[in-house]
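Open your viewer and keep the selection tool ready. We will go from stop to stop, picking residues as we go.

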Amino acid sequence: ITIWDAATCREQLVLRGHTGCVWSVAFSPDGQSLASASADTTVRLWDVKTGRELTTYRGHTAGVRSVAFHSDGKRLASASQDETVKIWDVTRDPQALTLRDHTGHLDALAFCGASQRLLSAQQACKVCSWDLPTGNLLSYLCYDSHGKDRWPTMETAFSMDGQWLAARCGKDQRTIKVWATGNTKEAVLLHGHTLPVMALVISPDNQWLASAASEGKRPGGPSEMIIWDRGTGRQLLKFVGHPNATTSLAFSPDGRRLATASHDATVRIWETATGKELLTLAGHREAVSTVTFSPDGAYVASAGYVDQTARIWDARTGREIHRLAAPLQVTQVAFSPDGARLAAASLDLVKLWDVKTGQEAFSLRGLTGRRHDDMAFNARVAFSRDGRWIASTNYDYSINVWDAGTPAAKISPR
């Protein structure tokens, strides 16, 4: 495809990528993009200024004869020799499977063991089970987190294998319930906090649960930390954590260390058995929103709400390994199962970096447009256990699932 300057008739760009004859092209209404249709069965979207290929749309089974943009620039129609017309939403990643049917903000995601199931928990403790790669809804269960007062749940956490679900509940938000996923009736109750529970995490072996509580208002007072026996609900250890509210918790893979993130702009690492503080990781300028360990326990990753950085730290020494340019308001970070990549979820995209080099690998976009005023929405991201899938939440209560190994699912950073 050649783009010419209409005034001077000079050649500006040559766009290469199709492997068959190009039969149709169309400019977007704003003139920033060009769509092309080809005998190679694909539709491609190009940046007119740079010539960069933005997206490849695959789905037709025969050559595509024609393309046309809607006047709003958000939809693109293609007509093919396979006797179909397809409408593409150019604001979404074409390789993202979108899971709907949620009725509220999503608070947790988990892939269920080695199976092809994804679990999603809404803030009302409604859990959906999805089949991958079809995206079919397998089940929809409501867990009674409210009790008699019918107070909404706002903090939930799955175990790493998706077998257990924990939730803050009760009007005073100081009680925790733990269920086996699939069993909505039987729950273990955890009582002991004197302040509202702000963060929860279940250990990798499912033996323990850690919780952090503090005053609800920001930055909050000192954090009240408790380690519980997940099976019996017995309190094993209680200690004072950060001087301000704790926002996120993560167990090391062996369960011996607990990482915490806080409004005090630090990450701290504690000995699980004793509550002894082992390290303080300082570097973020503002509140730290999320923390996690790498699969081998060698690194800790964290990100902030407003300082627009994600950081990778040496979990043994506390040394900062990489400082990564991140989007605004990152609310969860996650390592890939092999530890090679780090993903960070913000309000409107997921960024991934190479852990070894610190270089940005690619970005995945769900819904375009932001709702930074929607304080109830906390973006979530999760890798499947085999690393094949990446799932992330959108502010319209939907989930996008990408094939992590599909190059076409990668949208260039911007």
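Is Glu224 buried or exposed? Select Glu224: its relative accessibility is 12%, so it counts as buried. Buried means under 20% relative accessible area, exposed over 50%, and partly exposed in between (1.4 Å probe, protein chains only).

Before moving on, note that this is a predicted model: local features need pLDDT of at least 70, side-chain atom pairs count only at pLDDT 80 or more, and totals for chains, interfaces and linings use all residues. Residues are numbered from 1 along each chain as its sequence is written, and side-chain values use heavy atoms, with hydrogens and water left out.

**Stop 1: around Glu224**

Glu224 belongs to strand S21 (residues 224-229). Strands (E, at least two residues) and helices (H or I, at least four) are DSSP runs, numbered from the N terminus. Now show the side chains of His193 and Thr194. Glu224 makes a side-chain polar contact with His193 at 2.8 Å and another with Thr194 at 2.6 Å. A polar contact is a pair of N or O atoms within 3.5 Å; within protein, one must be able to donate a hydrogen and the other to accept it, and residues adjacent in sequence count only if both atoms are side-chain atoms.

**Stop 2: aromatic pairs**

There are three aromatic pairs. Rings of Phe, Tyr and Trp (its six-membered ring) pair if their centres lie within 6.5 Å; planes under 30 degrees apart count as stacked, over 60 as edge-to-face, and the rest as tilted. Select Trp208 and Phe251, a tilted pair with 6.5 Å between centres and 40° between planes. Trp208 is in strand S20 (residues 208-213) and Phe251 in strand S23 (residues 246-251), 43 residues apart. Trp208 is partly exposed at 25%, while Phe251 is buried at 7%.

Next, pick Phe239 and Trp270. They are also tilted, at 5.3 Å and 50°. Phe239 sits in strand S22 (residues 235-240) and Trp270 in strand S25 (residues 266-271), so the pair ties together parts 31 residues apart in sequence. Both are buried.

**Stop 3: charges over rings**

Select Arg65 and Trp23. The charged end of Arg65 sits over the Trp23 ring, 4.1 Å from its centre. Then try Arg230, whose charged end sits over the ring of Trp164, 3.6 Å from the centre. The rule: NZ of Lys or CZ of Arg is within 6 Å of the ring centre and within 35 degrees of the ring normal.

**Stop 4: the chain start**

Finish at Ile1, in the segment before strand S1 (2-4). At 23% relative accessibility, Ile1 is partly exposed.
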